[in-house]
Amino acid sequence: MRRFLIACAIVLGLGYVIGIPLFLRHSDDDSLPKGADAVVALAGSDNTLPAAQTLVGGGIAPTLVVSAERNGNDKARARACRAKSDDVVCIYAGPYSSVGEAQAISQLAKRRNWDTVVLVTSDYETFRAERSFRRCGDFRVATYGVDEPWWRTVIGIPLEWVKLAVTETVRRNC
C-alpha cells in the first residue's frame with residue numbers, strides 16, 4: 001500500500017511539473033486577433049462570460065457567442081440569452097462538453113462564414129480547447145484564458161490530463 005501511495009504521489013507530482021507549463025503557458029493578450037468574427041464564452045466557469053463581454057465591448061469581435069445550459073442554472077448566461085440582442089448568439093451544445101461546444105461552434109461558423117473565433121475559457125483549459133476546436137472547425141482559433149481561484153487550478157490541472165487523454169483518443173472526431 002505504501003508503494004502505491006508513493007507511486008501516486010510521484011505521478012501526481014509529475015502531472016503538475018509538466019502540466020503547469022503546458023496548461024498555463026499562454027500569453028493571450030498579445031495574440032488576440034483584431035477583427036475576429038466572434039468571441040465565444042465557453043461553459044464551465046462563471047468568469048468566462050464577463051471576460052468575453054469585455055472583449056466584445058473592446059472591439060475584438062462584433063459577435064458574442066454564449067455556450068449555455070438548457071436548465072438555466074447560470075443566471076448571467078440565461079439573462080444574456082433571454083435579452084435577444086442582435087450581437088449575442090446562444091448555443092446549447094449537446095453533448096454538453098468541449099467537443100459538443102466545438103461541434104456547435106463549427107456549424108455556426110460554417111453557416112455564418114466566420115474566419116476567426118476567440119475562445120474564452122479557464123486558463124488551464126485553453127490548450128485542450130484550442131486543439132478540439134482546431135480539429136472541428138475550418139477557422140482560425142485564438143484563446144483567451146481567464147484566471148481561476150487557486151483551488152480550481154489545483155484541481156483543474158490533473159483533470160485536464162484526463163480530459164486531454166479522452167479528446168486525443170476516444171473523442172478525436174468532431
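The dialogue below treats helix packing and then a pocket.

Modeller: This is a predicted model, in which local features need pLDDT of at least 70, side-chain atom pairs count only at pLDDT 80 or more, and totals for chains, interfaces and linings use all residues. Residues are numbered from 1 along each chain as its sequence is written, and side-chain values use heavy atoms, leaving out hydrogens and water.

Colleague: At what angle do the axes of H5 and H6 cross?

Modeller: Two packed helices are described by the angle between their axes and the distance between the axes. Helices are DSSP runs (H or I, at least four residues), numbered from the N terminus. Axes are lines fitted to C-alpha atoms over the stretch in contact, with angles from 0 to 180 degrees between N-to-C directions. Helix H5 (residues 98–112) and helix H6 (residues 126–136) have axes that come within 9 Å and cross at roughly 40°. H5 and H6 are therefore oblique to each other (under 35 degrees is roughly parallel, over 145 roughly antiparallel, 65 to 115 roughly perpendicular, the rest oblique).

Colleague: Which residues of H5 and H6 meet?

Modeller: With contact meaning heavy atoms within 4.5 Å, Ser-98, Glu-101, Ala-102, Ile-105 and Ser-106 in H5 meet Arg-128, Ser-132, Phe-133 and Cys-136 in H6.

Colleague: How do H6 and H7 pack?

Modeller: The axes of H6 and helix H7 (residues 150–169) lie 10 Å apart at an angle of about 15°. H6 is therefore roughly parallel to H7. Phe-127, Arg-128, Arg-131, Ser-132 and Arg-135 of H6 make the contact with Glu-160, Lys-163, Leu-164, Thr-167 and Glu-168 of H7.

Colleague: Which element gives the largest share of the lining of the second largest pocket?

Modeller: Rolling a probe the size of a water molecule over the atoms shows where empty space is left. H5 supplies that largest share, with four residues. Residues lining the second largest pocket include Ser-106, Lys-110, Trp-114 and Cys-136. A pocket is an open set of points on a 1 Å grid over the protein atoms alone, where a 1.4 Å probe fits, with protein on both sides within 12 Å along at least five of seven lines; lining residues have an atom within 4 Å of a point.

Definitions and conventions. Helix = DSSP H or I, 4+ residues; strand = E, 2+ residues; numbered from the N terminus.
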